[in-house]
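Morning, everyone. I'll walk you through one structure, starting at the surface and then moving to the strands. Please have a look at it first.

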Amino acid sequence: QVQLVESGGGLVQAGGSLRLSCAASGSIFSINTIGWYRQAPGKQRELVAVVSSGGTNYADSVKGRFTISRDNPKNTVYLQMNSLKPEDTAVYYCNVRAMRVYTDFWRDYWGQGTQVTVSS
């Protein structure tokens, strides 16, 4: 199996910063993409930022404020969130598209989610 452990959420005032971490472990042969999604109450889950061998991709709403980075040897991804706004309030989910050992297909795995709350 593949396990994702997230950390770093919390409560912060508008304009503040938070850093999320997600470590992937288990029977991983290769990771295609690793990144973050979020879901606010009453809304659909949306892409925040993702990193692959081809580069990074950000939602327009977070460009210039959030930075995603990846530590390949540790199978860990970080999301540095600066200049946070109340509309960034959501549950943030780590996502990994990985191939497990002894398999030949990619599959998406999700973390349990971490709450980020930005007060005005």
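Let's start on the outside. Phe29, Val101 and Tyr102 make a nonpolar surface patch, with about 420 Å² of accessible area together. A patch takes residues with over 30% relative accessible area and no salt bridge; like charges are joined within 9 Å, and nonpolar side chains (Val, Leu, Ile, Met, Phe, Trp, Tyr) within 5 Å. A salt bridge here is a side-chain nitrogen of Lys or Arg within 4 Å of a carboxyl oxygen of Asp or Glu. Areas are from the Shrake-Rupley method with a 1.4 Å probe, and for residues only the protein chains shown count as cover.

Before going on, a word on the source. This is a predicted model: local features need pLDDT of at least 70, side-chain atom pairs count only at pLDDT 80 or more, and totals for chains, interfaces and linings use all residues. Residues are numbered from 1 along each chain as its sequence is written, and side-chain values use heavy atoms, with hydrogens and water left out.

Stay with Tyr102. Where is it? Tyr102 is in the loop between strand 9 (90–100) and strand 10 (107–110). Strands are DSSP runs (E, at least two residues), numbered from the N terminus. Buried or exposed? Tyr102 has a relative accessible area of 86%, so it counts as exposed. The cut-offs: buried is under 20%, exposed over 50%, partly exposed in between, with a 1.4 Å probe and protein chains only.

Now the backbone. Most residues other than glycine have a negative phi. Tyr102 has a positive one, near 65 degrees. Asn75 also has a positive phi, near 50 degrees. Asn75 lies in the loop between strand 7 and strand 8. Its relative accessible area is 24%, so Asn75 is partly exposed.

Four strands form an open sheet, in the order 1-3-8-7, with antiparallel pairing. Two strands pair if DSSP finds at least two bridges between them. Which strands are at the edges? Strand 1 (2–7) and strand 7 (66–71), each pairing on one side only. Neighbouring strands are turned by 15 degrees against each other on average, direction ignored. Those angles are between N-to-C directions, from 0 to 180 degrees, with axes as lines fitted to C-alpha atoms.

Look inside that sheet. Strand 3 (residues 18–26) and strand 8 (residues 76–81) are joined antiparallel by six bridges. Ser21 faces Tyr78 of strand 8 there.

Next, the hairpins. Strand 4 (residues 28–39) pairs antiparallel with strand 5 (residues 46–52), again over six bridges. Ile34 has Val51 in strand 5 as its bridge partner. Six residues separate these two strands in a hairpin, and Gly42 in the turn has a positive phi of about 75 degrees. Gly42 is at 89% relative accessibility, so it is exposed. Strand 5 then runs antiparallel to strand 6, with four bridges. Val50 stands opposite Asn57 in strand 6. This second hairpin has two residues between its strands.

Why is it called buried? Leaving out residues up to four places away in sequence, Arg65 touches Gln80, Met81, Asn82, Ser83, Leu84, Lys85 and Asp88. Contact means heavy atoms within 4.5 Å.

And a distance to finish. Gly42 and Gln80 are 38 residues apart in sequence, and 25 Å apart in space, C-alpha to C-alpha.
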